[in-house]
Amino acid sequence: MSTTQTIRVHTRCGWAEGDALMEQYHDEEWGVLMRDSRELWECLMLEGFQAGLAWITVLRKREAFRLAFDNFDPAKVARYTESDIERLMANPGIIRARAKIIATIKGAQIYEDMKSKGESFSDFCWSFTNGKALLNDGVTRLASSPLSEQISKALKAKGFKFVGPTITYAWMQAIGMVNDHDVNCFRRSLCML
């Protein structure tokens with residue numbers, strides 16, 4: 001008697017294939033609904049560091065970023081001074097772009113200001129879709145959308161930097177606000193739950 005063993009192979013989005021870290025990120029995080037204000041802010045800040053680079057670069061440095069930025073605690077980051085900027089600029093574990101570091105500190109100050117006024121960052125972010133995730137067709141590849149342009153403008157109006165429509169759209173995908181998993185991707189239906 002022979003025993004047949006079934007090996008289950010997941011079909012995932014093509015962009016996530018070929019790198020174990022990208023595959024793990026795709027399979028466990030990308031597109032999963034995120035509602036926690038602090039996590040939404042951290043993700044937005046990391047997307048800002050991606051500007052002009054590949055996401056894998058940020059992903060490989062994410063733990064170093066978390067260490068360098070006090071686990072992205074907005075209350076702590078908001079109090080960073082010039083000496084903290086210099087400390088971060090000397091840290092080879094992160095992307096050492098002064099403008100992006102300053103934008104992250106400013107982003108923390110904006111976050112804390114919103115919080116002090118009773119405005120939830122999560123409620124603000126999700127207000128653009130009435131709290132619902134949007135499902136794209138799984139075929140069309142967008143770099144931005146009219147909604148990402150609208151959210152980008154609103155973020156910029158609050159004072160956030162490195163939040164152009166393309167960065168904002170990538171963030172919307174990452175937090176599950178828009179489900180852009182490929183039509184045949186095993187995560188497509190899971191991310192709508």
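**Reading pockets and cysteines**

Visitor: Which helices each supply at least two residues of the lining of the second largest pocket?
Guide: In this predicted model, helix 2 and helix 3 (55-68) each give at least two residues to that lining, and the largest share, five residues, belongs to helix 2.

Visitor: How is such a space found, and about how much space lies in the second largest pocket?
Guide: The general idea is that rolling a probe the size of a water molecule over the atoms shows where empty space is left. Here, the second largest pocket holds about 250 Å³ of space. Its lining has 14 residues, and those closest to the centre of the pocket are E29, M34, C43, R62 and R66. By class, this lining divides into eight nonpolar, no polar and six charged residues.

Visitor: What lines the largest pocket, and which residues lie nearest its centre?
Guide: The largest pocket, with about 310 Å³ of space, is lined by 16 residues, of which W15, W30, W55, A170 and Q173 lie nearest its centre. Two or more lining residues come from each of helix 1 (20-28), helix 2 (37-50) and helix 9 (165-174), with helix 9 giving the largest share, three residues. The lining of the largest pocket comprises nine nonpolar, three polar and four charged residues.

Visitor: Are C13 and C185 buried or exposed?
Guide: C13 counts as buried, at 0% relative accessibility, and C185 also counts as buried, at 6%.

Notes: Residues are numbered from 1 along each chain as its sequence is written. This is a predicted model: local features need pLDDT of at least 70, side-chain atom pairs count only at pLDDT 80 or more; totals for chains, interfaces and linings use all residues. Side-chain values use heavy atoms; hydrogens and water are left out. Buried means under 20% relative accessible area, exposed over 50%, partly exposed in between (1.4 Å probe, protein chains only). On a 1 Å grid over the protein atoms alone, a cavity is a set of points where a 1.4 Å probe fits but cannot get out, and a pocket is an open set with protein on both sides within 12 Å along at least five of seven lines; lining residues have an atom within 4 Å of a point. Grid points are joined across faces, edges and corners, and a volume is the space filled by probe spheres set on the points. Helices (H or I, at least four residues) and strands (E, at least two) are DSSP runs, numbered from the N terminus. Ala, Val, Leu, Ile, Met, Phe, Trp, Tyr, Cys and Pro count as nonpolar, Asp, Glu, Lys and Arg as charged, and the others, Gly among them, as polar.
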